[in-house]
Amino acid sequence: MIPLDVRSKIEIKGLSYWYGNHQALREVTISLPEKRVTAIIGPSGCGKSTLIKSINRIGEVAGEIRIEGEVRVDGESVYGEEVDLVDLRRRVGMVFQKPNPFPQTIYRNVAFGPRLHGVADKRTLDEIVERSLRDAAMWEEVKDRLQDSAYGLSGGQQQRLCIARALAVDPEIILMDEPCSALDPTGTARIEETVAKLKDRYTVIIVTHNMQQAARVSDFTAFMLTGSLVEYNPTERVFRNPENPMTEDYITGRFG
């Protein structure tokens, strides 16, 4: 669990989650720390993606869902009746498994969110675009190509552009669902470097199948199995001295 001197940003208590009749999560309780990187690991279908999608409620896009339990950000329920989903998803940004840039210029991709939220001043948009691209570690690569199509970027660059797009609306939390699964080793390394820098300003939650990646980039690691949380501790402890034998079996490749 997180140390007492680390502030909790997200509190999930007794969360069970259903897609129709399928139960994806079973009474998950976890406290996710502010301005740290938390990795969520486990085999396919264990509930990793559902867990992070419960935080910004993006799972509801897929269809009918039902939950029991609580999800709170800064002490406020994200499932309250008065919650503004547009604002929630601004505060809790998401980067998906495959890069999904818009069929527009690099500049317009990053400026899209701020414009949607009412920013119209050109100078302000220019500043946001540059800051966001710098935070995503790609300003130097694209500063002379801002009016080029985003589709002209490499896969790794497109994924960092999607990170910049998420950062442009000034979020507090960045959710990443297997952000490197479609990338080559070079693209993966750049994303990992970006993640390491992001935690200075943002709370980052990353779902990954890659044990080495979890060990490299995260401060805390949660291991999930069949919709349940099996173990959650500082990453070094999870990988060097796991509490649960099932965790050790998974990270050593005995199953999964």
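Start at helix H7, residues 185-198: Arg190 and Glu193 sit 3 residues apart there, so about one helical turn separates them. This is a predicted model.

**Stop 1: the pair in H7**

Show the side chains of Arg190 and Glu193. They meet in a salt bridge, with N to O at 3.4 Å. Now colour by accessibility. Arg190 is partly exposed at 28% relative accessibility. Glu193 is partly exposed too, with a relative accessible area of 42%.

**Stop 2: a network of charges**

Next, select Arg7, Lys9, Glu34, Asp74, Arg91 and Glu172. Salt bridges with shared partners join these residues into one network. Keep Asp74 and Arg91 on screen and hide the rest. Their closest N and O atoms are 3.6 Å apart, and the two form a salt bridge. Asp74 belongs to the loop between E4 and E5, while Arg91 belongs to helix H2 (residues 85-91), so the pair ties together parts 17 residues apart in sequence.

Arg91 has 15% relative accessibility and counts as buried, because the cut-off for buried is under 20%.

**Stop 3: along H2**

Stay on helix H2 and select Asp87 and Arg90. Both residues lie in this helix, 3 residues apart, or about one turn. A salt bridge links them, with the closest N and O atoms 3.2 Å apart. Asp87 is partly exposed, at a relative accessible area of 32%.

How many salt bridges does the model hold? The count comes to 23.

**Stop 4: the sheet**

Switch to cartoon view and find the open sheet. Its 4 strands run in the order E2-E1-E4-E5, with antiparallel pairing. Which strands stand at the edges? They are E2 (22-33) and E5 (76-77). Each has a single partner strand, so one side of each is left without a neighbour in the sheet.

Now select E1, residues 8-19, together with E2. These two strands run antiparallel and are joined by 8 bridges.

**Stop 5**

How values were computed:
Residues are numbered from 1 along each chain as its sequence is written. This is a predicted model: local features need pLDDT of at least 70, side-chain atom pairs count only at pLDDT 80 or more; totals for chains, interfaces and linings use all residues. Side-chain values use heavy atoms; hydrogens and water are left out. Two strands pair if DSSP finds at least two bridges between them. A salt bridge is a side-chain nitrogen of Lys or Arg within 4 Å of a carboxyl oxygen of Asp or Glu. Buried means under 20% relative accessible area, exposed over 50%, partly exposed in between (1.4 Å probe, protein chains only).
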